[in-house]
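Take a look at the sequence and the 3D structure first, then read on.

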Amino acid sequence: MTLTIDLGTDTGAFHGGASGTLYGLYGDGVPSRNVVEGMYVRTVSTKAQGGTQHPGADALDILRPFVDCGGKDVYVYMTDIYRGFPYQWPGATGEERLAGFMALIEKQVRQVLATGDCKSHVVYVPFNEPEGNMFGTQEWSYNGISWHTDPQWYFAAWKDAVRLIRSLDPDARVAGPNTCVLYEEVKGFLEFAKAHDVLPDVITWHELSTPAAIRTNVAKYRRMERDVGIGPLPVNINEYAHNYHLSVPGQIVQWISAIEESKIDADMAYWNIDGNLNDSAVEANKGNGQWWLFNAYGRMTGRTVRVTAPRPNVQYTLQGVATLDRDKRQARALLGGGSGAADIAFSDIPAEIFGDTVHVRLHEIPWTGQVGASAQPLRLQDRELPVVDGKVTLSLPDLHEMSAYEVILSPGGDGAVPLPPSVGWRATYEAVNATYTGGGYSKNGPEGSPEDVDKFASSGTHHVGGLRTGSDGVLAFAVEVPQDGTYDLSVFANSYNLDGLVKEQGPTNVFLRVDGADPQELRLPLGYKWVVWGHTDTQVQLTAGKHTITLAAQDIDLGVTKGDAIIDKVDLALRDERVTAPALYDAEYAVLGGGAHVSYAHRGASGPGAAVLPHGGTATFWVHAAADGEATVTVDQLGGGEGVLTVNGEKSGRLGRTPLFLAGGINKLTVTATSSQLVLDRLLVAPGQGHLKTTVYAAEEGTVTGDAKVTGAHTFATGGKAVDGIGAAGALTLTVTAAHTGRHALTIRYSNGEQAPATHYNPDPVCRHADISVNGEPPRRVLFPTTFHFNNFWDLTVPVTLREGANTVTFTNQDLNRSQEQSQDQQQDLNQHGQRSAYAPVIDQVAVTPLA
């Protein structure tokens with residue numbers, strides 16, 4: 001099969017609209033600003049401020065941080081002020097219900113008017129899926145008459161709502177009709193809205209369908225516009241894709257291609273928990289494979305070009321999107337959805353840009369599970385190919401349908417030495433093909449498929465259960481490796497956090513052996529539902545040849561399993577010099593600003609080119625770190641020139657080889673030129689060498705006051721003890737020591753298993769917050785995402801300024817469950833649905849490390 005990219009056919013300016021999210025942001029820090037900015041999230045649809053539909057995700061709480069991260073628009077679902085779905089709006093009659101809703105619309109608009117310069121980024125969505133909610137036929141409808149049957153009541157409500165909004169905010173942008181599909185009746189809605197001067201500023205509907213429907217329905221809507229004599233108006237498909245697609249790069253790239261081709265905005269659907277960018281973000285600051293796909297998509301620049309797929313506009317086949325940036329002299333393509341061999345044929349390659357030789361770099365972006373963190377994309381090929389008759393064909397022998405692939409073309413022929421692949425030998429072993437002995441075995445499935453898109457994706461269609469409390473089960477994988485060495489082993493697994501057996505301990509522990517020896521205890525990942533995959537990683541020593549790797553529920557030396565786990569697959573990868581070598585980020589592929597440009601005239605560069613930065617010019621790299629801690633960062637340049645390196649917004653000194661603290665997951669590293677010119681070659685990131693001293697302070701050794709207490713109830717806390725009950729009436733204070741005055745990383749090991757009762761299919765974990773004060777200064781509020789259980793501990797790093805010598809760090813939690821605008825005797829409970837916590841997370845320990 002051949003996917004053709006015609007660099008000579010321009011299809012418009014690159015838009016970047018597919019990176020939107022419905023309920024993807026919980027609050028400032030969940031996910032982190034690095035994760036939001038690095039995913040290039042363009043639009044967010046979320047609930048009204050103070051809404052009771054779900055915990056967190058209040059529109060005005062996320063507005064400022066989202067805009068600061070480069071976001072364009074926040075779409076406010078004004079109906080999500082209510083509980084339930086269908087919306088439970090109070091009132092004995094339709095007129096009473098609508099009058100009450102109009103009063104809440106007015107309140108919401110007045111809240112937006114107080115946001116200052118951020119107001120222009122707000123788009124009001126007065127009604128959501130009106131045909132199934134307020135103007136449908138069910139219990140909570142206006143009068144039990146569907147607007148499909150008789151639209152007069154919905155049309156009148158729309159007219160009144162839009163006029164009210166615009167009377168309060170003359171600059172307001174309003175979106176609608178926000179139907180669950182593009183009904184034929186939308187044309188009548190447009191005719192009514194035009195006649196009464198209440199047309200939406202943005203047209204919205206939902207596409208819980210296929211990528212093919214995106215292209216078809218956008219074209220259908222544009223015909224409606226022409227028939228009515230309006231537009232063209234901006235379009236936001238503010239819910240798209242299903243559980244089976246989300247988290248899977250090879251699936252989502254098919255949606256991206258359709259959305260980008262249509263030049264619209266679109267938000268991924270919200271099927272699960274809020275605050276994780278629709279199964280893109282892991283913990284607070286990590287990304288999975290889907291995150292890296294959107295990172296690659298957001299870094300596209302220039303103009304899109306025509307892409308012809310082997311089966312155009314057919315889902316579950318190879319599809320793609322491509323751009324040509326004439327200024328950078330680069331073409332980029334993202335593709336995926338097919339398996340096996342394929343040719344990627346570039347045609348009409350402009351000779352004035354690329355010459356007669358092109359440099360090709362190929363990356364793979366693999367699936368790493370819904371809650372499984374991913375390193376940066378894998379470099380599969382780096383080579384130079386001749387351009388013959390304006391064409392170059394890249395043959396890919398073994399595509400994986402769950403992976404997406406990035407191809408970058410640059411001018412070649414200048415002596416660049418091709419780089420080796422960043423990954424060596426690797427193999428996957430499906431759990432359903434392993435041998436199970438003992439009791440309790442179950443083969444589960446089938447899971448998500450093109451025929452059942454509501455279920456989650458898995459490596460195969462089935463997976464294995466049986467490793468649980470009381471089991472004697474053993475799952476044995478027969479593997480064969482090419483040489484002696486150290487191998488990275490990833491177990492793709494899941495435990496449902498609310499399952500009866502899992503609730504007791506949290507992470508399910510199992511026991512790994514190689515050929516019956518070298519026992520290890522592994523804690524498998526928790527998820528918000530069954531079949532939500534993450535991975536637990538370890539290393540094993542293997543000699544060339546065949547081996548048996550076992551996962552067991554009992555081990556004679558280490559103990560027994562507590563909990564219940566399902567296993568999807570095991571991945572093995574040889575940890576050779578390509579894996580242990582520093583991660584390399586070439587400057588010509590970085591995000592450039594401030595007048596920086598790419599040059600291909602510098603011989604000796606690690607890749608085909610280099611970035612030339614004038615004074616004030618910048619090059620930004622999105623860098624992965626496996627865990628919070630020290631890394632050795634080297635900035636290589638060609639020739640003279642000076643500059644500074646900024647890491648996650650913190651200035652870290654001049655360029656060169658430097659030990660720096662990186663946060664686990666996504667890091668933003670920016671080089672800024674301070675001389676008239678700086679020629680930047682690459683960034684190298686290697687493990688730290690122990691130059692930054694980390695000091696760890698156990699929480700139980702601090703001072704607890706009020707309701708805060710040291711508890712031994714958390715067996716996976718370090719030493720079995722942690723501090724719980726930190727709130728408005730309880731505090732934890734630690735005394736920490738700094739060798740010098742300056743910026744330090746405060747890495748907090750915490751747990752948070754709080755979850756609110758949900759009204760429908762979305763689990764509703766609650767983010768707890770801590771108010772952290774250093775040396776008595778005003779506290780900084782920090783959000784801590786769910787860890788899915790109070791006995792499951794994660795790390796979250798907060799940068800702070802410490803002075804030389806002793807410092808106090810105090811953790812409290814201001815109670816957000818009461819209105820602060822009323823007197824004490826008038827205060828009302830704002831948390832009747834359990835959507836806010838009165839407590840900070842459980843704290844195990846705090847580690848202190850200089851940032852540089």
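## Before we start

This is a predicted model, so local features need pLDDT of at least 70, side-chain atom pairs count only at pLDDT 80 or more, and totals for chains, interfaces and linings use all residues. Residues are numbered from 1 along each chain as its sequence is written, and side-chain values use heavy atoms, with hydrogens and water left out.

Strand 37 covers residues 610–614. Strands here are DSSP runs of E with at least two residues, and helices are runs of H or I with at least four, both numbered from the N terminus.

Which strands pair with strand 37? Two strands pair if DSSP finds at least two bridges between them. Strand 36 (residues 597–599) runs antiparallel to strand 37, joined by 3 bridges; His 597 partners Val 612. Strand 44 (residues 677–687) is also antiparallel to strand 37, with 4 bridges, and Pro 614 sits opposite its Gln 677.

## The CBM6 stretch

An unreviewed UniProt entry puts "domain: CBM6" at residues 427–573; such annotations may be inferred rather than shown by experiment. That stretch is 56% strand and 4% helix, with its end C-alpha atoms 7 Å apart.

Conventions
Buried < 20%, exposed > 50% of the residue type's maximum accessible area, 1.4 Å probe, protein only.
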